[in-house]
Amino acid sequence: MIEKMEFLSIIGPRDQLDRVTEKYLGKYEIQLENTVGELKNLKNIVPNSESNPYREWIGKAQEAAAIVNGDARPGAQAQNGKKKTGAAALSPEEAVEVVKAADGLMEESHRQKTKLEAELKKKRGLLEAIRPYLNLHFELSKILHFEYVRFRFGRLPIGYYQKLKDYLQEDDCTIFEKCRVDESYVWGIYFVPASEAKKADAIYASMHFERIFIEDAYQGTVDEACQTLEQEIEALAGQEKALDEKLAGDLKKDGDRILAAQEVIETQSSRFDIRKLAAFTRSKNETFFILCGWMTKKDAEKLGKELEADPELFVTLEENPDRRISTPPTRLKNPAIIRPFEMFVRMYGLPNYNEFDPTFFVALTYSIIFGAMFGDAGQGLCLAVGGFLLYRFKKLNLAAIISCCGIFSTIFGFLYGSVFGFEDVIPALWLRPTEAMTTLPFIGRLNTVFVVTIAIGMGLILLTMIFSIVNAFKSKEYGKALFDTNGVAGLVFYGAVVLVVVLFMTGNHLPAAAALVILFVVPLLVIACKEPLTRLLEKKKANLEEGPVMFVVQSFFELFEVCLSYFSNTLSFVRIGAFAVSHAAMMGVVLMLAGAENGGTGNLLVIILGNIIVCGMEGLVVGIQVLRLEYYEFFSRFYKGDGREFKPYM
């Protein structure tokens with residue numbers, strides 16, 4: 001259900017705003033709105049132009065508190081749920097000073113770390129540059145200071161290496177020293193006399209040789225230089241870690257005050273943000289504030305009683321929607337057993353305030369339809385227990401939904417007489433989906449499950465039409481409620497179709513021809529003339545822009561589409577019976593593979609694996625198909641899902 005909301009305004013002297021926030025609003029959940037924008041008919045009100053002095057300190061306070069709590073991520077304290085502790089209560093000014101001191105320590109530590117990180121980056125770059133040349137057993141410093149011989153470090157694609165070797169056999173001017181080979185490149189260095197350098201560079205460039213420049217910052221051989229760099233990098237990383245530990249130690253010395261300061265600053269900042277939503281007005285020589293927002297009716301009544309005892313404040317409730325801009329927010333309140341199904345409702349869209357909350361309807365229909373499509377007492381019990389355990393320990397809404405569906409799967413399993421695919425263990429309390437047949441007039445023999453599911457589908461379609469009519473009347477959309485395909489006209493037409501089908505299939509007499517004309521033709525004509533009838537109901541002039549002929553032609557095709565959609569929507573429920581039959585068929589295949597189709601013992605491992613595969617695969621497919629029925633066959637008829645969620649400011 002959707003909780004009843006009240007729009008209220010709290011008025012009092014400006015200097016009492018913080019007291020109101022702390023004493024009253026902190027006790028109740030209220031979604032504050034922009035007062036200047038909401039009270040559009042109220043004159044002589046101005047918004048607050050002050051800037052929040054605490055905003056710049058929130059991030060620094062959270063960062064310091066996170067370090068105190070052993071997590072260097074800003075805001076981590078609020079995320080990990082650790083309770084804030086503190087020494088004596090701090091004033092806002094004292095809290096800012098505490099954070100300033102902590103920020104000074106963090107800034108100094110950051111400055112030193114920046115230097116270390118720059119040095120680390122440089123050392124790692126040097127190490128990465130020469131690591132491919134570990135097989136070059138020469139002192140780098142000597143190579144880098146050759147006077148008459150030029151050298152080039154680099155790499156070339158492995159496909160060109162053979163061409164390079166062919167060239168080296170014909171040219172005695174260059175020497176190529178291969179150092180490393182990977183899947184794509186050959187790394188190495190070539191030497192060439194200074195007088196032949198330009199020619200050699202051009203030839204190597206034609207082979208896509210990529211030159212790598214090595215700095216003159218190495219001592220000893222490549223192997224020795226790498227070892228030295230690794231030691232230096234390790235030492236720098238140790239210094240960086242020591243800086244972090246020193247900062248954490250320094251902050252923890254004043255940890256309680258830092259945590260208390262964070263709490264004070266966050267509270268003060270939140271309170272100050274309320275000023276942005278408040279409006280101010282002057283009366284005689286005093287300035288008053290006005291705060292407005294949405295509260296549940298229950299909380300609004302409690303707050304009103306408290307404010308009655310406060311002589312400086314008073315509250316007003318505004319019930320006239322024409323005197324406000326915002327629409328009431330939606331807050332769902334459902335019993336715990338069906339609350340997980342709100343997840344499906346929210347996936348489609350939250351109901352607006354004037355809509356019918358479909359959570360109970362979804363919980364009931366989803367569970368029953370799932371059970372009918374996946375009727376197996378053994379597998380259903382596994383789903384029920386497994387889902388319950390997951391929800392119990394992980395609090396997953398989907399797990400709770402699976403558990404509910406598992407209960408109904410178990411019930412239908414007993415109705416179908418199926419336990420882990422075995423249909424000869426227990427008797428069917430109702431029927432066996434693959435065997436039960438019904439003879440219908442005109443159609444002949446048809447699976448009983450198909451007949452029942454189509455009948456249930458027709459009933460559910462009629463029920464959702466009633467929901468649509470109720471929602472339309474609540475939203476004051478009278479034209480839609482009366483003339484729409486899911487309104488009164490559609491309900492009469494489809495209800496008449498259902499009545500005629502039921503009477504014909506059960507061998508009863510049909511209504512008189514005149515009654516059928518009234519029940520079929522009149523509702524269709526009303527649906528076809530929905531637009532002009534709606535405009536007439538709203539006392540607006542009918543507007544047939546394209547002329548009466550085009551209106552008739554367009555209405556004809558629209559009616560054809562309406563009738564086709566009724567037919568296709570009804571047949572859509574056949575899938576319920578189809579999956580009930582297919583489940584029995586799939587488990588029959590499993591038992592056949594296990595050698596247990598005729599009541600034998602069978603291979604236990606095959607039976608277990610088959611049940612797991614069928615349970616997982618078919619459970620997923622059935623879950624998706626039932627959700628499709630909910631969204632496309634039910635929600636599309638009566639549900640908009642364009643509501644905005646109730647979000648308290650604290």
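User: What is the handedness of the crossing of H3 and H5?
Analyst: The crossing of H3 and H5 is left-handed, a term used when the near helix is turned anticlockwise from the far one by less than a right angle, clockwise being right-handed. The model is predicted, so local features need pLDDT of at least 70 and side-chain atom pairs pLDDT 80 or more, while totals for chains, interfaces and linings use all residues. Residues are numbered from 1 along each chain as its sequence is written, and side-chain values use heavy atoms, without hydrogens and water.

User: Why are H3 and H5 called roughly perpendicular?
Analyst: Helix H3 (residues 55-68) and helix H5 (residues 92-130) pack at about 65 degrees, with axes 9 Å apart. Roughly perpendicular covers 65 to 115 degrees (under 35 is roughly parallel, over 145 roughly antiparallel, the rest oblique). H3 and H5 therefore count as roughly perpendicular.

User: Which residues of H3 and H5 make the contact?
Analyst: Contact means heavy atoms within 4.5 Å. On H3, the residues include Trp57, Lys60 and Ala61; on H5, Val96, Val99 and Lys100 are among them.

User: What makes tyrosine 348 and tyrosine 639 a tilted pair?
Analyst: The whole structure holds 36 aromatic pairs. In this one the centres are 5.7 Å apart and the planes 40 degrees apart. Rings of Phe, Tyr and Trp (its six-membered ring) pair if their centres lie within 6.5 Å; planes under 30 degrees apart are stacked, over 60 edge-to-face and the rest tilted. The pair is therefore tilted.

User: Where is aspartate 484, and why is it called buried?
Analyst: Aspartate 484 is in the loop between helix H17 (478-483) and helix H18 (488-505). Its relative accessible area is 12%, so aspartate 484 is buried. Leaving aside neighbours within four places in sequence, aspartate 484 is in contact with Gly479, Ala489, Gly490, Ile527 and Lys530.

User: How do you know that arginine 14 lies over the face of phenylalanine 280?
Analyst: The rule asks for NZ of Lys or CZ of Arg within 6 Å of the ring centre and within 35 degrees of the ring normal. Arginine 14 is at 4.0 Å from the ring centre of phenylalanine 280 and is listed as lying over its face.

Terms used:
Axes fitted to C-alpha atoms, helices over the stretch in contact; angles between N-to-C directions. Helix = DSSP H or I, 4+ residues; strand = E, 2+ residues; numbered from the N terminus. Buried < 20%, exposed > 50% of the residue type's maximum accessible area, 1.4 Å probe, protein only.
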